Amino acid sequence: QVQLVESGGGLVQAGGSLRLSCAASGRTSDSRTMAWFRQAPGKEREFVARISVIGSITESANSVKGRFTISRDNAKNTLYLQMDSLRPEDTAVYYCAASMSLFARSTTQQYNYWGQGTQVTVSS
């Protein structure tokens, strides 16, 4: 089992920045592909970004491309999401996810472990 705990959410004005962190513990060797998803009220959970096991491959949703950067520090078992130029439409609960697969992409079904989420609110 892998436990994931997100932190770093909060309230920020449009155009501002936040950095989310996700600390992994337990059987961290099972955290191969890692990703961020988000879920706004009344909407389905959506893919934000993913990163491969050694960080050499990243993929971002078109809606955040050029504004959000995903990274990981395997020595610290921590995943990050740097969010810049935030917009009100980025308001959501952000979830960290981990997959035992090296090839997980952008669907929730491909991820085995989930954090509890952290709220990000962007005011206009």
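W114 has 27% relative accessibility and so counts as partly exposed, a class that lies between buried (under 20% relative accessible area) and exposed (over 50%), computed with a 1.4 Å probe on protein chains only. Y111, at 5% relative accessibility, counts as buried. The model is predicted, so local features need pLDDT of at least 70 and side-chain atom pairs count only at pLDDT 80 or more, while totals for chains, interfaces and linings use all residues. Residues are numbered from 1 along each chain as its sequence is written, and side-chain values use heavy atoms, leaving out hydrogens and water.

**Aromatic pairs**

- Rings of Phe, Tyr and Trp (its six-membered ring) pair if their centres lie within 6.5 Å; planes under 30 degrees apart are stacked, over 60 edge-to-face and the rest tilted.
- By this rule there are four aromatic pairs.
- One of them joins F37 and F47 edge-to-face, at 5.8 Å centre to centre and 75° between the planes.
- F37 lies in strand β4 and F47 in strand β5, 10 residues apart; strands are DSSP runs (E, at least two residues) numbered from the N terminus.
- Both F37 and F47 are buried.
- The ring centres of Y111 and W114 are 6.4 Å apart with the planes at 65°, so this pair is edge-to-face.
- Ring pairs link F37, F47, Y111 and W114 into a cluster.

**Charges over rings**

- A charge sits over a ring if NZ of Lys or CZ of Arg is within 6 Å of the ring centre and within 35 degrees of the ring normal.
- R19 has its charged end over the ring of Y80, 4.0 Å from the centre.
- R45 places its charged end over the ring of Y95, 3.6 Å from the centre.

- L81 touches residues including L18, L20, W36 and Y94 (heavy atoms within 4.5 Å), not counting residues up to four places away in sequence.

**Sheet**

- An open sheet of four strands runs in the order β1-β3-β8-β7 with antiparallel pairing; two strands pair if DSSP finds at least two bridges between them.
- β1 and β7 stand at the edges with a single partner strand each, so one side of each has no neighbour in the sheet.
- Antiparallel strands β3 and β8 are joined by six bridges.
- L20 has L81 in β8 as its bridge partner.
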